[in-house]
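Biologist: I'm new to this one, so please walk me through it. I'll keep asking how you know things.

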Amino acid sequence: MAELSGKYLVGVYDDDDTVLHAVPKLRKAGVKIKEVYSPFPIHGLDEALGHPRTRIGIAAFMFGVTGCCAVLTLMIWTMGYDWPMIIGGKDPISIPNYIPITFEGTVLFTAFGMVTTFLISNGLGPGTHFHPRFDVRATDNKFIMAIEMSRNSMSEEEISRALKDSGAEEVNIKQF
Amino acid sequence: MASGHSIPSIEERFEFTSGAKRSLLIGGGVGLALVLLGAYLAANGGGGHEVAAHGAEHAAAAGHAAAEHGAAAAAHGADAHGAAAEGGHHAKSWVARIWANLWVNGVYFTGMSVVGMFFLSYNYLAQAGWSAVFKRVPEALPAFLPFTGAVLLITFLLGGHDLFHWTHKGLYEVGGAEYDKIIAGKQGYLNTPFFLGRLVIYFVVWYLMWKKLRNLSLQEDEIGGTEFYEKSIRLGTAFLVVFGVTSSTSAWDFVMSIDTHWFSTMFGWYTLASWHVAGLAVITLTIVLLRERGYLRAVNSSHLRDLGKFVFAFSIFWTYVWFAQFLLIYYANLPEETIYFIERFRGHGGFYKAPFFITLFLNFFFPFLILMTRDAKFTHSILKVACWSVIVGHWFDFYTNVMPGTVGAEASIGPLEWGFFLIFLCAFAYTIANQLTKANLIPRNHPMLEESLHHDIA
């Protein structure tokens, strides 16, 4: 994914509390943080990073509405018009009978839609080959902070010092 | 969300101001005036003609149902005709309407009160931390149980004959004109002494278990330690076992037995779902109103969001159970089952069709849509609207369940109905507020309080 390519400074932290407190300190000092990677969710980190809120909820709602309409249309068209059928003595178009499958369709469309959206927006999934890793220890016992150099006006030394001051064990340079 | 905020003081006492008391008393007074007006209109208004017309329609609808569904429904047709033939009842149908209204509200508010205890119990059983900070609110609800218990008992003793078809003696006399084989077969369960015994036992057990839990909570406030918490977990678990059975049986007794021939295996769950979501709406609404008056500042937006989710989720759960009951009956199309919905759709001049769909709208579509987004679940104004929608909506729910089998075609939604609802609401609010003054608003020695104060779902 092109938006991740470039030069990065990568801070490695040992403790979730340290990284949580480092974030506001660094932001206050003027460092723009790209992302923090952690082996487990850290309460309050999203707000500390100031990331805009995810819009996947809106997407989910749209997928749900699409699924609901699609399945209702399918049922009404097949059962009522294309090949009218009387089942259980009901009218060919009897909405209560369609509710369970409409519900299922809504859930199915929402689930698939959200997974697809997630994969696309994160550049994952089949056919994608660019998987930048800032530090593999982010899946184990370290907390990794990525800082994109091109988005920061501060010099490498300044940022590196700020990272160290905020409790980083190591500062590495990563180029994608 | 809470991470950056300081925790407000946990020492606070709710003050039930004289102004608030006066408003609630005025509310109750307005309710009483509406009831008197409604009773006067119902007793003296030009109801006679209307009643006769409705009666004819009723008989016609019953006949129609019988013709349509063959032999099994014929019993119902005969039943309806039998009721119509007892002309004496029709002269004082407004009395039956009063009993039925007392019953609707009595059952509904009983449920909302006992759900306070239910909520506490499952929170104890799950050893939930987040709910500790506001647990005084659900804890206050069951204080209303003696009141609704008395209402139900008195209503049954004085008006039971008007409400419950199965109380008619003739139904059980083999060979008699009124003999009904189906109802006679249910006599082992549906008979007055057993019913009264159950009614009293429900209320005594629910109330005493709550009283015990409340005392443990108050002692914990003074003494501290984890001993009371451990005891509360055991008591809460015991209550869940008790309520697991009594919620279903009380639903059969209070509501399902009105339509004596009909039964549904979903009914216990359905009524519990109804009570539960209404009780959650009351808890949430009370917390929001307390916060607006400057109390419970320690309840943060994460708590509110979780409460909003509770109301949201259990509106859906109620709808799910409602629909599960409806769909099976609709699909299987057995006459003795469909009669229940036919009566609400087409019977009694189609009167119940409106409340039937209002119920669905207020309890599902409306709260579902407005509580869907994240921010809505902690926005006071939206929570208030959603909670009121659910509270009024489930009143309609019980109205639609109780009225067709009791007052049938003479039903109406007018000053009488709103008056009774208002009286019960004000009395309920008064009891809750009064109960809240009796202890520190935040359970200061609850072992989970610290966790609850830092509840953060980001």
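**Asking what the words mean**

Modeller: Let's start with B:His348, which is found in the loop between α13 (335-345) and α14 (353-370) of chain B. Helices here are DSSP runs of H or I with at least four residues, strands are E runs of at least two, and both are numbered from the N terminus. This is a predicted model: local features need pLDDT of at least 70 and side-chain atom pairs pLDDT 80 or more, while totals for chains, interfaces and linings use all residues. Residues are numbered from 1 along each chain as its sequence is written, with chains lettered from A and ligands numbered from 1 in the order in which they are written.

Biologist: What makes B:His348 buried or exposed?

Modeller: A residue is buried if 20 or more other C-beta atoms, placed from the backbone, lie within 10 Å of its own, exposed if 12 or fewer, and partly exposed in between. B:His348 has 22 of them within 10 Å, so it is buried. It also has a positive phi of about 50°, though it is not a glycine.

Biologist: And B:Gln127, why does that one count as buried or exposed?

Modeller: It has 11 C-beta neighbours inside 10 Å, so B:Gln127 counts as exposed. You'll find B:Gln127 in the loop between α5 and α6 (136-140) of chain B. B:Gln127 has a positive phi of about 50° too, and is not a glycine either.

Biologist: What is chain B built from?

Modeller: Chain B has 17 helices and zero strands. Of its 458 residues, 47% count as buried.

Biologist: What makes something a nonpolar core?

Modeller: It's a set of buried Ala, Val, Leu, Ile, Met, Phe, Trp, Tyr and Cys residues joined through C-beta atoms within 7 Å. The largest one has 116 residues, and B:Ala281 is among those with the most contacts inside it. Helix α5 (93-125) of chain B supplies the largest share, 19 residues. Apart from that core lies another, of 22 residues, including A:Val23 and A:Phe143.

Biologist: Which residues does B:Ala281 touch?

Modeller: Leaving out residues up to four places away in sequence, B:Ala281 touches B:Val311, B:Cys387, B:Val390 and B:Ile391. Touching is a contact: C-beta atoms, placed from the backbone, within 7 Å.

Biologist: How do you know that β1 and β3 of chain A pair?

Modeller: Two strands pair if DSSP finds at least two bridges between them. Six bridges join β1 (7-13) to β3 (143-148) of chain A, and these strands run antiparallel. One example is A:Gly11, whose bridge partner in β3(A) is A:Met145.

Biologist: What is the order of the strands in that open sheet?

Modeller: The four strands of chain A go β2-β3-β1-β4, with antiparallel pairing. Why are β2 (35-37) and β4 (170-175) of chain A called edge strands? Each pairs on one side only.

Biologist: How many residues meet between the chains?

Modeller: 10 residues of chain A are in contact with 10 residues of chain B. α4(A) gives the most to chain A's side, with three residues. That side has two nonpolar, six polar and two charged residues. Here Ala, Val, Leu, Ile, Met, Phe, Trp, Tyr, Cys and Pro count as nonpolar, Asp, Glu, Lys and Arg as charged, and the others, Gly among them, as polar.

Key
Two residues are in contact if their C-beta atoms, placed from the backbone, lie within 7 Å.
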